[in-house]
Amino acid sequence: MFEQVIFYFFAGFLILAGFMVITVRNSVHAALFLVLAFFSSAGLWLMLEAEFLAIALVLVYVGAVMVLFLFVVMMLDIDATKLRANFRRYFPVGVLVALAMMYSIVKVISREGSGLVQTPSIAPKNADYNNTRELGLALYQDFIWPFEIASVVLLVAIIAAITLTLRTTRQTKAQKPEHQVSVSKETRIRLVEIDSEPPA
């Protein structure tokens, strides 16, 4: 009974925060509500005995990603009135898409669609159960090849993003380290002898 109360507490905050993220007018307030949604998700993961994922969600997303989001939003200073100028024109399409997504979500999380009728409830683990060790064994033993392939794909994406953003144009003046290293004193310094003038 107590676990159900805690579950509905975190689930209610998660639904409320997610709704406020897409309805609030201020972008900074939307980012702060997203932080509340992350905290609520971390609480639900703690109830599922996934302590490592809950702590990683708080540290990585709340501590790093959302700080970056807030920094970018506050630096850009986006004019929301121009973005909402044609809101009423696309409102019927948005309602249809929202209803279709809501129907899909309800079908997936229902007891028949999710398979909860056939799946037994999760048995509580012992006190010496280590969630981090089990996650590490699953990543580096059972799913080592998908994990390595995903890491290579992410590395290629990072290199592609850096390559696209560092394109040299005529307006930029980039240094060339290979030319700076290969210089010598003969090509950089020129000594000129000047005759001294006699004092007046």
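This is a predicted model: local features need pLDDT of at least 70, side-chain atom pairs count only at pLDDT 80 or more; totals for chains, interfaces and linings use all residues.
Of the 200 residues in the protein chain, 10% are buried. Among contacts with a separation of 6 or more, 57% are accounted for by residues 24 or more positions apart.

Two packed helices are described by the angle between their axes and the distance between the axes. For helix α2 (residues 27-47) and α3, the axes come within 9 Å and cross at roughly 175°. Angles over 145 degrees count as roughly antiparallel, and α2 and α3 are therefore roughly antiparallel to each other. The contact involves residues of both helices, including Val28, Leu32, Val35, Phe39 and Trp45 of α2 and Leu53, Leu57, Tyr61, Met66 and Val73 of α3. Leu34 of α2 also takes part in this contact. Between Leu34 and Ile22 there are 9.6 Å in space, C-alpha to C-alpha, and the two are 12 residues apart in sequence. Ile22 lies in helix α1 (residues 2-23). Its relative accessibility is 69%, and Ile22 therefore counts as exposed, the cut-off being over 50%.

Helix α3 spans residues 51-76 and includes Leu68. With a relative accessible area of 48%, Leu68 is partly exposed. Together with Phe69, Phe71, Val72, Met75 and Leu76, Leu68 makes a nonpolar surface patch of about 630 Å².

Conventions:
Residues are numbered from 1 along each chain as its sequence is written. Side-chain values use heavy atoms; hydrogens and water are left out. Patches are made of residues with over 30% relative accessible area and no salt bridge: like charges are joined within 9 Å, nonpolar side chains (Val, Leu, Ile, Met, Phe, Trp, Tyr) within 5 Å. Accessible areas come from the Shrake-Rupley method with a 1.4 Å probe; for residues, only the protein chains shown count as cover. A salt bridge is a side-chain nitrogen of Lys or Arg within 4 Å of a carboxyl oxygen of Asp or Glu. Helices (H or I, at least four residues) and strands (E, at least two) are DSSP runs, numbered from the N terminus. Buried means under 20% relative accessible area, exposed over 50%, partly exposed in between (1.4 Å probe, protein chains only). Axes are lines fitted to C-alpha atoms, for helices over the stretch in contact, and angles run from 0 to 180 degrees between N-to-C directions. Angles under 35 degrees count as roughly parallel, over 145 as roughly antiparallel, 65 to 115 as roughly perpendicular and the rest as oblique. Contact means heavy atoms within 4.5 Å.
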